[in-house]
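Please open the structure in your viewer and keep the sequence beside it.

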Amino acid sequence: MPELRLDKFLADLGIASRRELKEIIRRGRVTVDGLPALRPERKLDPETSRVELDGELLRYAPFRYFMLDKPPGVLTAARDPWQKTVLDLLPPELRRLGLFPVGRLDKDTSGLLLLTNDGNFAHRVISPRSGVEKRYYAQVEGDPSEADAAAFRQGLRLRDGTACLPARLELLGPGECLVTVQEGKYHQVKRMLASRGLPVRQLRRLRIGELELDGKLKPGEWKELDKKDLCRVFSSKIM
Ligand code: URA
């Protein structure tokens, strides 16, 4: 791996702002390979150097991945001058990592949202070519039927003429269903259900690929993902 400046190494881990890091380094709180490192511009190899802060070993992980249980009423954006965004739900040390939401949930939609600073990962999740399935729980006005499920399987045509790829609609009971899609057009699920005369009252994303929303998270809570979780995102079966 190419060499990195010490302050960049620490900043990538979201430990503190660049200014605060200078002070932390100046005070000798950081050691590299056992010796105090007092210059922020000092170069190191992030894979082989042993970097410690206050005696605690720091592992370099340039890209970070999180799942958030997005509550309704919060905007899916990195920042907004007026409205609360999903990034506002994270603590300051994570907000410094340059995270952004992977795809978009409508303001009134809740559930599984991924956040990362890895643009390639985000692109792979969103790209229709990857065929990553997204599964939603929907409460609708009216009762979804087998005929609706068949129309979803065939590939719906929306009211404005847009053709959708085949999708799955599972009946749960009066006014409730699960919808699984493999693309992410604007208001996709709401428009698909509306085209069958089933306006959506509530929408919640439950799964991306094979990665399920962690049921232990409360609305607005997040957790960091590991490599196994990331593999689950890309292991969905294409319909
Ligand atoms: N489809 C929608 O209509 N809205 C969302 O937020 C996500 C998928």
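## The whole protein

Of the 239 residues in the protein, 47% are buried; here buried means under 20% relative accessible area, exposed means over 50%, and partly exposed lies in between, with a 1.4 Å probe and protein chains only. The model is a predicted one, in which local features need pLDDT of at least 70 and side-chain atom pairs count only at pLDDT 80 or more, while totals for chains, interfaces and linings use all residues. Residues are numbered from 1 along each chain as its sequence is written, and side-chain values use heavy atoms, with hydrogens and water left out.

Display the protein as a cartoon. It contains 7 helices and 15 strands; these are DSSP runs numbered from the N terminus, helices being H or I with at least four residues and strands being E with at least two. Along the principal axes, the C-alpha atoms fill a box of roughly 70 × 35 × 30 Å.

Next, colour residues 4–58 as domain 1 and residues 65–233 as domain 2, bounds that come from an automatic or database domain assignment. The centres of domain 1 and domain 2, taken over C-alpha atoms, are separated by 38 Å.

## Stop 1

Strand 2 (residues 30–32) is joined to strand 3 by 2 bridges, and Val 32 has Leu 35 as its bridge partner in strand 3.

Now select Glu 20, which is placed in helix 2 (residues 18–26). Glu 20 counts as partly exposed, at 41% relative accessibility.

## Stop 2: strand 13 and its partners

Select strand 13 (residues 200–208) together with strand 9 (residues 110–116); the two pair in the parallel sense over 2 bridges. Which residue of strand 13 is the bridge partner of Gly 111? It is Arg 205, and Arg 205 is also the bridge partner of Tyr 136.

Continue to strand 14 (residues 211–212), which runs antiparallel to strand 13 and is joined to it by 2 bridges. Here Arg 207 stands opposite Glu 212. Strand 13 and strand 14 form a hairpin with 2 residues between them, and Gly 209 in the turn has a positive phi of about 60 degrees.

## Stop 3

Select helix 5 (residues 146–154) and show its side chains. The buried residues are Asp 148, Ala 149, Ala 151 and Phe 152. Because they cover an arc of only 160 degrees around the axis, they are on the same side of helix 5; the arc is that of the directions from the helix axis to the C-beta atoms. Glu 146, Arg 153 and Gln 154 are exposed on the other side. Among the elements that cover the buried residues are strand 11 (168–173), strand 12 (176–181) and helix 6 (188–194). Just after helix 5, Gly 155 takes a positive phi of about 105 degrees.

Now select Leu 115, Phe 152, Val 179, Met 192 and Leu 193, the residues with the most contacts inside the largest nonpolar core, which has 32 residues. A nonpolar core is a set of buried Ala, Val, Leu, Ile, Met, Phe, Trp, Tyr and Cys residues joined through side-chain atoms within 4.5 Å. A second, separate core of 18 residues includes Leu 4, Leu 21, Leu 58 and Tyr 60.

## Stop 4: Asp 214

Finally, select Asp 214 in the loop between strand 14 and strand 15 (222–224). Is Asp 214 buried or exposed? Asp 214 is buried, with a relative accessible area of 16%. A polar atom of its side chain lies 2.8 Å from the backbone nitrogen of Lys 216.

Key. Two strands pair if DSSP finds at least two bridges between them. Contact means heavy atoms within 4.5 Å. A polar contact is a pair of N or O atoms within 3.5 Å; within protein, one must be able to donate a hydrogen and the other to accept it, and residues adjacent in sequence count only if both atoms are side-chain atoms.
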